[in-house]
Structure formats: structure tokens, C-alpha cells
Amino acid sequence: MKKVVSVFVLMLVCAVTYAGGYRVSLQGNRALAMGHTGVAVVNNAELAFFNPAGLVHLENKINLSVGGFGVFADVSYQNAQFGDATSTDSGVGTPVYLYGSYKVSESFALGLAVYTPYGSSVEYPTDWAGSHLVNNIELQSIYVQPLFSWEVVKDRFSIGGGPILAIGGVEFNRNLSRNLTDLDGNRSNVTLDASGILEFGWSVGALLNLDNEDKWKLGFNYRSLIDVEVEAGDGEATFANVPNSPLAPVPNGTFDFTASLPLPAEWTVGLSYRPNEKWLFAFDYNYAEWSAYESLDIDFLNPDGSVALQSLNPRNYKDASTYRFGAQYSPSGKLDLRVGYYFDESPVQPGFFAPETPRNDSNGFTAGFTYNINEKFAIDASFLYLRFEEIDASYDFFTETNGQTAPFRGTYKSSAFAPGIGLSYKL
Amino acid sequence: MKNYIKYIAVLAIGFGFVACEPEFDTPIDEDGFYTSGEANFSNYVSVGNSLTAGFADGTLYITGQEDSYPNIMAEQFALAGGGAFTQPLMNDNVGGLLLGGNPIPGFNPRFVLATDENGNPGPAIIGQTPTTEVSNILSGPFNNVGVPGARSFDLLFPGYGNIGGLTTNPISANPYFVRFASSPDATVIGDAVAQSPSFFSLWIGNNDILGYATSGGSGVDQTGNFDPSTYGGSDITDPNVFAGAYSQMVEALTANGADGVLVNIPDVTSIPFFTTVPTQSIPLDAPTAAFLNDNFALYNTVVLPTLVNFGVITAEEAASRNVNFVEGANFPIMTDDDLTDVTAILQGPPAFLDEATATLLGQLRQANANDILPLTAAGILGTVINNDPTLINGVSVPLADQFVLTSAEQARITVAQNSYNTTIQSLASANGLAFADARSALQQVANGGVTFNGGTLTSTFVTGGGFSLDGVHPTPRGYAFTANVLLDAINARYGSNIPGVDIGNFATVTISND
């Protein structure tokens, strides 16, 4: 056991992983190992996220699943025209999850899910070439969700769902322009800091047995849009190194601000096929409604509530699809082996490639296993390698103080690894 | 358990333990992407005057030095074997110089763009005290040996960095060079050559005409005088003196086989110091114009024709000296030392004018469209002298010589400048050096501007982005543009591919109410 852990510690040496935009598709070790499929897979308590309709089908009365990932995501940037080259130094992200279900009766179960579906952590060297767009950003969200799961038609059809309490937070720093400094040459910048923002949403799922032998299942899940609205007083914006002049856009100091960031709705439809006890195949299709993310607009407020400065940052994301495939092989009752693949389409459109979420299309390769320690406990482990092609991209909507736009161009290459480990318990 | 570890090992190998940092197909920060071609940038030394030093806003200060064109170039050179680049940094971002703790007259703190009580922006001297003490000698050597104020021959003058020369009369040393000269009798060129540069830039000669230009031609055109030790600060350097000094410097810098770039002298008319104040700048209403014309009627209709009749001046000169005001914008009246001085004659027969009137009319004419008013004229044009409403500069009191650069004076500058530039270009080609045509580049900035990512760089004062608040020296953005011009020339000559910089990332004028 110690050896397994130490191998995984080694694997944590470097890595990354995000799905399109700032969606972090790491909501379960078993699912991730199969390409993050799961809407039609009845396996363990991870269903609380993937499809709560399936919870009622778990064999045991109590099911728990807890785990986490080490996310190692890095981005390199270069611009051959000017000789600029840099890489992010983003540390390790640690998305976690906790799922549980309790079967109240043969046809009804209750559940609880805690997970972190959206987030981003990107840190460029301060004052790098794109520092007028971002120096660093850390976006966090935690979803807490009570659930029900009800078998509507015995052995055939069930539904599930529940309300979501989302807790959001953001830390963001960038320079005010490409060249504004104080008298000593320190770049004028702003830091946004807001945390503990509470918003509500919901999710609902359905699961259908397509045959009488429990081989084919069709699943559907929908999770609603949650707009994280930062109101005046929720956080603070701190301007620093602004020159002492009424000609500066804003003075140094702390301001209230308002902003809105959508955590987009996502619906999933998927199919699973279990030809025998040893094999399981799954396919999921995700459709994320990223078009909700039109613009990141920030109003900095004077003490009297009037707008001191406005920052308009068009994003113009498009809805994006993800295609996921997974397979599971169980050589013995002790062990399940899994592999998976997915293609993740980026919601970022040409000309809107902002370095704070530098995501282009990616291919995810996954693998993992479950080791059943005994009747109750199992260790789940997974590994994701997310592969990005390098891309020549630009963000064309940065507006200079003279009103002219100044596109920010370059070549980006991202990579992401995410090893994960978890524990499942059933009683 | 062992079996499962095997599986994990297989997985790990399968994913290849890809390196932490994503790798580009062609990473630009790896050796070989940018090359120095035939040149060697390992030890770059820049030689020149204020432009090379990073002078801006009327002085030298740290952030300006950091955005000097040689420093910007050195940062790009670093992509292809360039080494460290050191500069004799000032002590602060205020500018201005102290000697023995006292401010040195004429070496003031920097201009910043400040707002007045009504919120209107304008250049103002920053309200902070200089802390750079000239007697605090820095230990070099420094890669940037740009010395503000230096003329061509100054770079060869032993003692130019001697602190004792700051208190002689006339002053024989330069306080900026005093700060970092390797010894009191060092020459600027000697300190440059002693570093055995592998690559150098030389941009000198601007001040050989600029002092004359900014003083409105109040100095002397020394063409024909081969002894620069007799020159004043506002004189034009004799082209042969320039050529001699320049070739001596190129010879010294190339003696060890160093490669380099020579830069020519831009037109003074490319800089906002000479393009900001309109010549036709005196607004008058009809009654005032008529009143003034009455006062000058005698001069126009009697004095000037009489002088022609007596053969004192030509009819052509008389025509040029006619004063005529109209309703609307008018040219100011001025004293032109290239006109025949008739002060004494007017006091004798037949005019018998009093001395004051004779002096007023002695070299009087009205400015015309070919004259240039330097930035310094902005502060005095149309102002009332001693609260006497009859004494108005440019209207009833002629502008002094220093406030007008006449077409005759411009012509002297152009003749010298063209000769210098011929020398520079021919020495570049004779020595196989790169040649940067700063003159053409700045003409482009002045005539329509140069577009970049996010704007257009022009030479318009304050707002154009190219020039700092002294109207003569570039902003960081202007220096970045200059660096790109030099890099282009270097790449063309040596087959290197050093990238330019994005000039939009460089600041323009500094706003501050400090």
C-alpha cells in the first residue's frame, strides 16, 4: 500500500488539467479513469455528480466516495516577432470531491455531493508581455448539493436531482495597461479579491435500462447555470502603483467592485454497455452552454456607489461539446482496470484567446484502477494526461487608453496532468 | 500488491512522464532560433550623447536610462549571445544634478505632465529634489557611455570628465561624464575602447547643430574655424572638425575588429521643439491691427525706401522688412541678426531717430512662414512686459534672436547636417559597418507617423507619444522605436535576426502631480 502511494507521489511531479474554459472535469477517480464518463454507469457514489438518478440502483444501503486530484497545468507562451517567451508557474491545483448516498427504501435514496466543478489557477511571471490582461488568476467554486434518487419504474427508469449551493471566490491581478507606471517605473496594477460568494442552482438526471438483462443503460443529466454575482461589498479591488495624477484612470487605493461570472449549464447524455461481468463500456456526450460567458465586465465603485472605472473584457465564448469514451476490465473481484479518452472542444473563439484561460481543443487520455481491499473499502486511482496542440492565437479586444484596440498575439502550448486517488466505502 | 505496482509503472511509461513545461515545436528561447549572424553581441558598448544615455524630459533619470535605446537593444541582443549591459544609473527618478550638495544651474529635475488647478495638463518641473551628486564618482566600466550634451569632438577631449573642469570659466567638463569617467583625464572614446567591445553603436553629432538650433541661431556658425576649443555651446561645429573627430572615433572603436552601427543626424525640424509653436501666432482684431500699422507706417513708407535710396539695403531686404498686421492671426515682429543693422544710420541724418526707436528698428522685420519659433517662444509670445500694455512681445517689442530660427539659420544647420551625414554614411560603408538612417525614420514619425500595435507614433508635442516633455528627446516609446531602427540596420548588415520590440509596451510622457 505504501508503495502505491509513493508511486503516486512520484507521479505528482508535474501535471495539469482543465476542460474547456475554466471547467475542471475531475469529479471522480473511477469516472476519470474512463474518460470522465459516468452518466449511464452505475458503479459507486460518484453517481451523485454524474447522474443522481443512478444512486437508487447502488446495491448497498450506504455508499461513500471521497477523493482528490493533483492538477499540474502549465502554459507556455512565446512571440517570435518580439522575442517574448514565458511559462506559467501555477503550482498544484487540488480539486476534491465527496459523495454519499443512503438508501431509504428499495426505490428511494438520498444523497449528498460536494465537488469543485469550476476553477482556474494560472500564474504568469509578474509584468510579463501579457500582464495587461492577466498576471495571475485563481478562480474557485465549491458545489454542495443534497440529492434524491427515485426509481419511478422498477428495473426500468429512475430520476434524481437536487438543489446546488455554490460557493465562489476569485483572486485576480493584472496591470492597468501595457505601460502605465508610477514615477519609479512600477507597473500600475489592480488586484481583485472576493470570496464566499453564495449562489444557487440545481441539477437533475434520469437513467433508463434499455434491456431486461441490465446490459444497456441510457443516462441523462443536466446541471443548471449559476451566475456568480459579485456585489458591492462582496470583495475588494486594490489599485497599486498608479501615478499621482488626475490624468490617471483611477487613484491608488481600495474600491468596491461588481462583476459577474457564469458557471455554465451543462447537459450530458450517455450510454453504457456491460456485455458480461468482466467488461464495461461507456460513452458520454457533454454540451456546455459557454455562450453564457459573453463578457467579463467589472465596475469599480466610488464610496458613493458611482462607477469610478469600468473594465470591459469581451469573451464571447461559444457552446462547446465534449466526447468521452471509457472501458473497464475486471480481471478478478479484487481489481478493476480502466482506460478512457475524450475530446474536449474549446469554447474560446478565434480572436478571444485571453491568456487567463488559454484553452484550445484538447485530447484527454486517462487510465486508472480500483483495488478492492475488502467488502467495504476500495481504493480508486486515476491519471489524466491532457494534450493540447500548440496554437497561434490572439486576444483582439484589449482597448488602449487612446481608445484603439491592441491585439495580444502569440503562440501558446498547454499541458496538463492530473493524478488522483480516492476511497470508496459501501455498507 | 506487487502486480498492481507493475500496472502503475506501465501506465506511467505509457504517459511518458511528459516534461513539466509544455514544449513548443520551435522554442524561441533555445539556442539557434535567434542568431547574431556575422556580428558578436557578447560585449556591446554604446557611445554617444544624451540620446544614447536615455535622456528625456530635460534630464537623466533611472527609468529613462532603463528605456535607453542601447539598453533596449542589449535586452534583445541577449536572445543571441548578448552579454550584460551596465549603465551609469542616476541616483533617482527625479533627475537634475548636485555638485557639493548644491544644484548645478541648468541641470534641473525632470518635466512631468502635471495638471493645474483647473485640471488642464501641461509640462511642469517635478516638485522633488535631485539627489544625484556629481562628485560621487561611480566605478565602471559601463557599457553605455552616452554623455548628455556631448558634441563630436567632446568625446575625444581628455578632461571632459574632470570634476575640476566644472568650476572653470568657461566650464571645460561635463558633469554627466564626471560621474563615471575612469579617471579625470579620461576621454569618452578611451573609456569605450578600453572595454574591448565586440560590438558598438555610435550616434554623435546631434549637439554639433542642436545647440545652435535650440538657441534660435543665437550662436555662431563655426564653419571655417578648425579649433573647437574656441567654440561656444550654441555654435555649429565646422564640418571638417566633425569629420576629423568622427573618423578618429570610428578608427578607435574598430581597431580591435569590432562590428558596429553608425547612426546619422536627424533633422531638427523633426522634433516638436521646433514644430509646436505656430509662427503665425499673434491674434489681433481689426482696430488693433490698424493702430499698429499706423505706428509702423513711417517705417514702411519712409524709412525703408530711404535706406534703399541711399544704398544701405537692397530693395529685396526692404521688402522683407515690411511690417503689416491684419485682422486675425499675425506673424510676430522680430530682430534678425542677418539683416543689415541700421541702428546707427537711423540716428544720423536725415532720420535723426532717438536711440530707442533706432534700436527697435535696427534689425527689425516681421517673421514669415519660413521662420521657426522654438518651444521656448511659447512662454513669451504676446506677453506684456513690465505690465505696460504698450510693450507686447512680438507685437510692439520684437522677439529676440533666440526665439526665432530664421530660414537663413536653418540653412546653415542643414548644410552642416548634410555634411555630417555624408561623413557618417561614407565611414560606415568604408568600414563595413551597419548604417542606421535615423534621419529618415524620424521624418516618417514627424510626417504622418508610424503605426504600431495599438496606435500611431507621431512627433506631436505631449500627445504624439514619440517625444518627451523637453520637446527634443524621445519618450521610452520613441527610444524603443529608435532601437528597432538600429536593429533593422544591424540585421540587414550582419545577417542577424534580432527581433524588434513592441513599442506599444513602452511608456510615453509621464503623468504626475508630485
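**Exercise 1.** Which residue in strand 7 of chain A is the bridge partner of Glu123(A)?

*Solution.* The bridge partner of Glu123(A) in strand 7 of chain A is Asn136(A). The model is predicted; local features need pLDDT of at least 70, side-chain atom pairs count only at pLDDT 80 or more, and totals for chains, interfaces and linings use all residues. Residues are numbered from 1 along each chain as its sequence is written, with chains lettered from A and ligands numbered from 1 in the order in which they are written. Strands (E, at least two residues) are DSSP runs, numbered from the N terminus, and two of them pair if DSSP finds at least two bridges between them. Strand 6 (residues 119–123) of chain A pairs with strand 7 of chain A in the antiparallel sense, over five bridges.

**Exercise 2.** Follow strand 7 of chain A to strand 8 of chain A and describe the link.

*Solution.* Step 1: the two strands run antiparallel and are joined by 14 bridges. Step 2: Asn136(A) stands opposite Asn173(A) in strand 8 of chain A. Step 3: the strands form a hairpin with three residues between them, and Asp155(A) in the turn has a positive phi of about 60°.

**Exercise 3.** In what order do the five strands of the open sheet in chain B lie, and which are the edge strands?

*Solution.* Step 1: the order is 6-1-7-8-15, with parallel pairing. Step 2: strand 6 (144–146) and strand 15 (434–436) of chain B are the edge strands, since each pairs on one side only. Step 3: inside the sheet, strand 1 (residues 44–48) and strand 7 (residues 199–203) of chain B share five bridges, and Val45(B) stands opposite Phe200(B).

Technical notes: Helices (H or I, at least four residues) and strands (E, at least two) are DSSP runs, numbered from the N terminus.
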